[in-house]
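The following exercises are to be worked with the sequence and the structure at hand. Each task is followed by a solution in steps.

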Amino acid sequence: KKRAALKAMATLKRERAAKKRAALKAMATLKRERAAKKRAALKEKADAKRAVVEKKRAEKKAIRASGAVRPYSLFVQQTTSGKKGKFDMKKVAAEWKALSEGQKQKYRDQAKKNLSKRRATRQSMKKSPNKYALFTKQHF
């Protein structure tokens with residue numbers, strides 16, 4: 001009787017230990033799954049943020065691609081291109097002042113074209129108005 005009781009107790013202990021190990025294993029698996037979900041959510045959030053930043057960069061690049069919108073800036077770009085750090089702005093300014101109105105008009109025309117391109121680009125990037133904006137525009 002005593003020996004049977006001891007065997008039953010040992011079996012019971014082994015079963016409890018096995019259950020405890022199984023519970024600990026399940027908890028560890030659950031922790032790993034939660035951590036993986038959290039990492040995935042953080043990665044998704046970072047990717048979304050990166051996408052927004054990239055979109056803004058692309059918009060700015062598209063706007064800059066229209067070129068200089070001021071005649072003087074256009075002149076400076078054209079006269080200093082290819083002269084990395086080897087030009088004197090005072091000399092460039094003197095050259096601009098020395099240009100006749102006819103010569104400056106060429107830069108003014110090009111700057112006007114660039115400005116209209118830039119405005120068109122910005123307009124194409126504009127979001128459509130929401131209901132509130134439409135309401136205020138109509139009623140006020």
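**Exercise 1.** Compare the span of helix α4 with the expected span, then identify its buried residues and what covers them.

Solution. Helix α4 covers residues 101–125, 25 residues in total; helices here are DSSP runs of H or I with at least four residues, numbered from the N terminus. From its first C-alpha to its last, α4 reaches 36 Å, close to the 36 Å expected at 1.5 Å a residue, where the expected span is 1.5 Å times one less than the number of residues. Next, K104, Y107, A111, N114, R118 and T121 of α4 are buried, that is, under 20% relative accessible area with a 1.4 Å probe, protein chains only. Their cover includes α1 (2–64), α2 and α3.

The model is predicted: local features need pLDDT of at least 70, side-chain atom pairs count only at pLDDT 80 or more, and totals for chains, interfaces and linings use all residues. Residues are numbered from 1 along each chain as its sequence is written, and side-chain values use heavy atoms, leaving out hydrogens and water.

**Exercise 2.** List the residues of the largest nonpolar core and state which element gives the most to this core.

Solution. A nonpolar core is a set of buried Ala, Val, Leu, Ile, Met, Phe, Trp, Tyr and Cys residues joined through side-chain atoms within 4.5 Å. The largest has eight residues: A68, L74, F75, V76, V92, W96, L99 and Y107. Two or more residues come from each of α2 and α3 (89–98), and α2 gives the most, with three.

**Exercise 3.** Determine which residues F75 touches, not counting residues up to four places away in sequence.

Solution. With contact taken as heavy atoms within 4.5 Å, F75 touches V92, E95, W96, L99 and Y107.

How values were computed:
Buried means under 20% relative accessible area, exposed over 50%, partly exposed in between (1.4 Å probe, protein chains only).
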